[in-house]
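Visitor: Please take me through the loop backbone here, residue by residue. I want a close look.

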Amino acid sequence: MRRAGLIKPLLRINNNKSRVWRENYSTQVDTNLAECTLDPKEYVDFKRQLRQINLPHKDGHTCLQLECRLCERNRQTPGTATSSQKSTDRGGLLAYVNKRTGASFMCPNCDVKTSLANALAAYQLSPPVGYKRQPQRQPVYETRFPHLIDVTPEACEALGIKGLKEAAHLTAIGALWEPQKQLLHFKLRNASQQVVGEKVLNLEDRREETFQGSSSSGLLIHGAGNKTKAILVSNLLDFIVLATQNIETHCIVCLPYELNMLPQECLPGLERFKELVFWLHYDASHSWDAARAFALKMDERRCLLIRPTETEPAPHLALRRRLNLRHIVAKATPVRHKAITTFGAMRNDILSELQNIEKVNGVKWKRFPVLNKLLKGHRRGELTILTGPTGSGKTTFMSEYSLDLAMQGVSTLWGSFEIRNTRLAATLLRQYVGYPLDDRLQEFNHWAEEFERLPLYFMTFHGQQPLKPVLEAIEHASYVHDVMHVIIDTIEHASYVHDVMHVIIDNLQFMMGVSTYRGDKFWEQDAIIAAFRSFATKHNVHVTLVMHPRKERQDDELTTSSVFGTAKATQEADNVLIIQDKRLTSVRGKKYLQIAKNRYCGDLGIMPLEFDKDALSYSTQIQNAKRRREQREKTATTEA
């Protein structure tokens, strides 16, 4: 009886998992759009309902494909195989359900995006009383460039691609020309070929921009509709090169946001392809393994990769060097390796790393050049631990550390269990601006709009609140796995939907909370660290854990053995950063960041931490710039 009494609360927690997720996860963009993790029960119920009404459906690579019962054209009386089959034969409009997240029921035809639970009612034999069909509208995108014309010979000349001299070639791949702003313009389309956005290439500085709606996202695809293979490129220059080469075997697909992110709304547009070849151009902010992160989202079993080497560069560079593009495509190798491999299978990977060592090193910090010398860069798939005495500025330093990376395109998910998100966001905003906005409220809207463009996301877990219902339900059982399931599900969702590259947990002890469970706290902490270590490796995401040290004498310096808990934390970590604060124990004491462990290259050292209270900054670059600005203002005042 005792055991049966414990099972019911467990079932309630399981059933409420998606609700808990929705309550504890938010982003800074489009907060009205419902996003939730996959509830297996909802997904199974939905597929069972499709079988009951004998509605044809197909398990695709990433999405469940089925006839949309929300579209007017497909609206029929369900219940017979004949009606469904007729609709399929005449080209019924398709809807898609993402099999990984189950986050939404998407129909690119009627522009409906709703939860799976809401869509289920439309597929019942007798819709429930009071059921109302989702509002539907045709996706209508209005271009931001009203003065578009056909491509001119002058545009071809300005583009400067070898062998491309006729404007008709660009027109054939869907290009238009904006003469006033010197832009090449391409339309982005969703899975039903509706225009949902546009992508432009500025021929003066080769800068690309993408404009799309908040809830829609499309791709730029060139090639016949019956092709089952595609080459994916990350920029318009590579797209133009390959699309004008008339590669007979493959369609050419340009990603909407380069290597920054791939919205899940794009995935239905790739469902028809059985083979995807990643031929991407990598910049300083994205390492060459970004393709692997996208492959996990697209079903890596169908994905091939052209690894960046001197003999297999990006398409526009290959054309410039007169390399055979078709031969390079033929050399693409599978992204997914078998459990056991050989040096021969890894040979190209190793060559790519050696030839792209700076990109393999990771994203460089602009505010902390000393970290670049010691850590070489910020790399995905690693686990970093930051510790320091209470009140030493761990959260303030970590916020600026993450802001620096976010400003360079590293999508970051903050899990702040110690301070509230409003206070954390205010700190980040002040560090971004460089001075307090208390006396300059008229500038707030301007800076808020600029700051909102950064790829920063926040979990709304705080303190011990997420653990409490679990502890009440399972009084005599370990709560670690249930808590971690909710948190890891949240982080996995962010990694998949928003392509998060960096996750910060501040801090680990607050996340664990105070438990009534009288088990081994060290064992619980080790289990959590092992879960984050596994997550970082599996999903190729950098995880940073902020941890308190164990109690030490103030005169003693902290070491790797000072981290609270067992040695597992520092053993699992790739990097251990320690804030040493000697200001309270010495007249001339200083505060500095110590690199106590560096698994990547082994370089250890220290970075002085001088704090600017106005900017909440530890960056010497920011402080030097402030001094120069103040000196210029003082000089201008004196001359006046």
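**Loop backbone**

Guide: Gln193 sits in the loop that joins strand S8 (183-189) to strand S9 (195-202). Strands here are DSSP runs of E of at least two residues, and helices are runs of H or I of at least four, numbered from the N terminus. This is a predicted model, where local features need pLDDT of at least 70. Residues are numbered from 1 along each chain as its sequence is written.

Start with phi. Gln193 has a positive phi, near 70°, and is not a glycine. Gln193 is also exposed, at 51% relative accessible area. Exposed means over 50%, buried under 20%, partly exposed in between (1.4 Å probe, protein chains only).

Now go to Asp299. Asp299 is in the loop between H9 and strand S15 (303-305). Phi is positive for Asp299 too, near 80°, and Asp299 is not a glycine. At 14% relative accessibility, Asp299 counts as buried.

Look back along the chain from there. Helix H9 covers residues 290-298. Seven of the nine residues of H9 are buried, so the rest of the structure largely encloses this helix. Ala290, Ala291, Ala293 and Ala295 are among the buried residues. Phe294, Lys297 and Met298 are buried as well.

Last, a peptide bond. The bond from Asp506 to Asn507 is cis. Its omega is near -10°. Asn507 lies in the loop between strand S20 (502-506) and helix H20 (508-512).

Note on methods:
This is a predicted model: local features need pLDDT of at least 70, side-chain atom pairs count only at pLDDT 80 or more; totals for chains, interfaces and linings use all residues. Side-chain values use heavy atoms; hydrogens and water are left out.
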